[in-house]
Amino acid sequence: MTEDSAADRLAALSKSLSDCSGCGLARARTQVVFGVGSADADLMFVGEGPGFHEDRQGEPFVGKAGKLLTELLGGIGLARSDVYIANVVKCRPPENRDPTADEIEACSPHLFEQIRIIRPRVICTLGRFATKLLADTELSMTAIHGKAKERILADVPALLFPVFHPAAALYATANRQVLEEDFSKLRLLLEKGAEALGGGEGSDEIPSA
């Protein structure tokens, strides 16, 4: 698949969702926050949903948490233009509340279509809502962060890698170190793929870089 064809398909999907009314979030949003980045990215990030700044600007992760994400990417030699960033839900929940199960069910097919178009080798879930959806787990982020699993999502084989949401590091500074450590493992995943998983077949552990 060429860059242009993937980009065109993403643009068409984005246009089709510009006036989406698939769930109640449509009533209070400023605009749909579709996603941003490279259409053929090897690495895709999936967060929870847009916040205040994202709703106004139409781009995911542009507030304080987004600034930290950009810094974490820079720490492993990447820019936002090198990756693709999206969310589980495309419209801001009022007052930044958690998205409901019905809202996630209504919106998640659009995320899976983004995955199908981009075909990333690694998908990094940011926080519990994206992790629960894509890892199909009820485990806490404390238990699952920094551990990779081979998954097939939207018919795309990928390494799924959960980390804490960057917002968690804004309220607890110790979480920033945890994120930095997990991002160093993320770099190893991108470089080596499944070979980065230490401890033999089926292992989810990644040796610290």
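Aspartate 98 has a relative accessibility of 37% in this predicted model, and it therefore counts as partly exposed, falling between the 20% and 50% cut-offs. Aspartate 98 also takes part in a salt bridge with arginine 128, with 2.9 Å between the closest N and O atoms. The two partners come from distant parts of the chain, 30 residues apart: aspartate 98 sits in the loop between strand 3 and helix 4, and arginine 128 belongs to helix 5 (residues 128–135). Elsewhere, salt bridges with shared partners connect Arg9, Glu113 and Arg116 in one network.

The structure contains ten salt bridges. Side chains of opposite charge can pair when their charged atoms come close. Aspartate 42 is partly exposed at 38% relative accessibility, and arginine 121 is partly exposed with a relative accessible area of 36%.

Another salt bridge brings together the side chains of glutamate 71 and arginine 176, at 3.1 Å from N to O. Because glutamate 71 lies in helix 3 and arginine 176 in helix 8, this pair ties together parts that are 105 residues apart in sequence. Glutamate 71 has a relative accessible area of 36% and is partly exposed; arginine 176, at 31% relative accessibility, is likewise counted as partly exposed.

Arginine 92 presents another picture. Located in the loop between strand 3 and helix 4 (101–118), arginine 92 is buried but has no salt bridge. Its nearest side chain of opposite charge is that of aspartate 55, 5.0 Å away, whereas a salt bridge requires the atoms to be within 4 Å. The side chain of arginine 92 does make a polar contact with the side chain of asparagine 96, at 2.7 Å. Beyond its neighbours within four places in sequence, arginine 92 is in contact with Leu25, Pro50, Gly51, Phe52 and Asp55.

Turning to the sheet, six strands are arranged in the order 1-3-2-4-6-5, forming an open sheet with mixed pairing. Strand 1 (36–37) and strand 5 (149–153) are the edge strands, each pairing on one side only. Strand 2 runs parallel to strand 4 (residues 122–126), to which it is joined by four bridges, and parallel to strand 3 (residues 84–87), again through four bridges. Methionine 44 has isoleucine 123 as its bridge partner in strand 4 and stands opposite tyrosine 84 in strand 3. Phenylalanine 45, in turn, stands opposite cysteine 124 in strand 4.

Five of the five residues of strand 2 (residues 43–47) are buried, so this strand is largely enclosed by the rest of the structure. In a regular strand the side chains alternate between the two faces of the sheet. In strand 2, Leu43, Phe45 and Gly47 point one way, while Met44 and Val46 point the other way.

Helix 8 (residues 174–192) comprises 19 residues and spans 28 Å from its first C-alpha to its last, close to the expected 27 Å. Its buried residues include Leu179, Phe183, Leu186 and Leu189. The buried residues of helix 8 pack against strand 2, helix 3 (64–75), strand 4, strand 6 (156–163) and helix 7 (166–171). Glycine 193 follows helix 8 and has a positive phi, near 65°.

Notes. Residues numbered from 1 in each chain as written. Predicted model: local features only at pLDDT ≥ 70, side-chain atom pairs only at ≥ 80, totals over all residues. Heavy atoms only, no water. Buried < 20%, exposed > 50% of the residue type's maximum accessible area, 1.4 Å probe, protein only. Helix = DSSP H or I, 4+ residues; strand = E, 2+ residues; numbered from the N terminus. Pairing = 2+ DSSP bridges. Lys, Arg positive; Asp, Glu negative; His and termini not counted. Polar contact = N/O pair within 3.5 Å; in protein donor to acceptor, adjacent residues only side chain to side chain. Contact = heavy atoms within 4.5 Å. Expected span 1.5 Å × (residues − 1).
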